[in-house]
Amino acid sequence: MAGGCGFNVYISICVIFSLVGLSLSYIELNLENGKVCSTVRKREVSLGENENSAISLKELRYFDKWSGAFPFYCALTVTAPWGYGIIAVIQNLDFRQNETTSECIDYVQFQRQKRKLSFISWDSVQSPKYCGIVNSIHDADAFDGDDDDEDDHDSPKFQMAHNAFIDEKGRLDVIISVAGQRLLPSQKLDISIIFTAYKTCRSGDQAGLKECHKGSGICIWEGFFHDKNVNCPDDGCFDEGGCPVISPGGKRQSSGLGTKVTIGAVVLILGLLLLFMLCLFVCRRCQVLCWSGPPAPRPQRAGQQTSRVEMTAPSGNAGILDGHSPPSAPPLLPVTSATSPVHEDKDLPPPYESLFPTR
């Protein structure tokens, strides 16, 4: 019985930790962290493999009340393990843009190093400056980079999403710039980017990796599929089964991604709560942890119990408890001359028999 209860507790704990591990697949970074953005020198963050092959970069409350007293500039380098490339996908961006000239006041820009001539020099390839409202919604002004350059024969041929950028060499530079201008009441700043390490897979899925879509030649960790974040650079969000769309009237219609995220979070919390209650029930039934109870008292011999009773009983009832009358002190007699003690050194009177002999 005890072994079965222990096994149930072990299974419950394993399930809880597995759910928590799934919810923490991404390495969370924020712009407020000095290890990410520094005014002293350029920072570098590294991607891992499999479940550690993605980083979520966002700001928490840094730009909520942007005073504009000074500009914000962050230069960051994201690296991937050997043999991996890097995909950068903007999940959400709301940066200021000049309404008249459409120039970016604040912007995000990606840059990769491209080999121009073998063993001679390197050329820098930059993405456009992203600003305004950018997300996974399809845009007519899709990314128009240099992926079709005739010198870059290793780039996969597919339609790049407007909010994505690829670095095949595994070393991607990121620039985040916010101008020193005070926010207007109607303006806000928001940014969220996911960086994912990928492998080029010519023959489809590999061990632990899954192709973004058939023929793309880009494989990411299979755990990133249908996780409410867009990791693939394709125009269509293939790893999430589609992107939000825009209705003809101009209103943005969500594909339910935000609702699914909320529902998933609620379901996860309820599931963890139910598992916690199950663990409490199992522990209580098996009498482990807090419900193990105090240790049973050890049996004592009769002689020890009797002596303990005699020691703790009041002195007036000691005789009653053992069946004998209580001892009493001898009465005190007054000391008089008649009862004074006789000393042996004094002469005693003759005995009665010598005075009156019997006839």
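What follows is a chat about a predicted model and some of its rings, its core, its cavity and its backbone.

Visitor: What should I know about this model before we start?

Guide: This is a predicted model, in which local features need pLDDT of at least 70 and side-chain atom pairs count only at pLDDT 80 or more, while totals for chains, interfaces and linings use all residues. Residues are numbered from 1 along each chain as its sequence is written, and side-chain values use heavy atoms, with hydrogens and water left out.

Visitor: Okay, how many aromatic pairs does the structure hold?

Guide: The structure holds 11 aromatic pairs, where rings of Phe, Tyr and Trp (its six-membered ring) pair if their centres lie within 6.5 Å, and planes under 30 degrees apart count as stacked, over 60 as edge-to-face and the rest as tilted. One of them joins Y62 and F72, whose ring centres are 5.4 Å apart with planes at 55 degrees, so this pair is tilted.

Visitor: Where in the chain do Y62 and F72 lie?

Guide: Y62 lies in the loop between strand 3 (54–58) and strand 4 (72–79), whereas F72 is in strand 4, so the pair ties together parts that are 10 residues apart in sequence. Strands (E, at least two residues) are DSSP runs, as are helices (H or I, at least four), and they are numbered from the N terminus.

Visitor: And is F72 buried or exposed?

Guide: F72 is buried, with a relative accessible area of 9%, while Y62 counts as partly exposed at 32%. Buried means under 20% relative accessible area, exposed means over 50%, and partly exposed is in between (1.4 Å probe, protein chains only).

Visitor: Which residues form one aromatic cluster with those two, Y62 and F72?

Guide: The cluster is formed by Y62, F63, W66, F70 and F72. Within it, both F63 and W66 are buried.

Visitor: Switching topic, which residues have the most contacts inside the largest nonpolar core?

Guide: Those are F72, F95, F110, I176 and F195, in a core of 37 residues; a nonpolar core is a set of buried Ala, Val, Leu, Ile, Met, Phe, Trp, Tyr and Cys residues joined through side-chain atoms within 4.5 Å. Several strands each supply at least two residues of this core, including strand 5 (85–95), strand 6 (107–117) and strand 11 (190–200).

Visitor: Which strand gives the most to this core?

Guide: Strand 5 does, with 5 residues. V89 is also found in strand 5, and V89 counts as buried at 1% relative accessibility. The C-alpha atoms of V89 and C232 are separated by 7.7 Å, although these residues are 143 apart along the chain.

Visitor: What sort of residues line the largest cavity?

Guide: Its lining has 8 nonpolar, 4 polar and 2 charged residues, where Ala, Val, Leu, Ile, Met, Phe, Trp, Tyr, Cys and Pro count as nonpolar, Asp, Glu, Lys and Arg as charged, and the others, Gly among them, as polar. A cavity is a set of points on a 1 Å grid over the protein atoms alone where a 1.4 Å probe fits but cannot get out, and lining residues have an atom within 4 Å of a point.

Visitor: Last one, what is the phi of S102?

Guide: S102 has a positive phi of about 65 degrees although it is not a glycine, and S102 is found in the loop between strand 5 and strand 6. Most residues other than glycine have a negative phi. S102 is partly exposed, with a relative accessible area of 46%.
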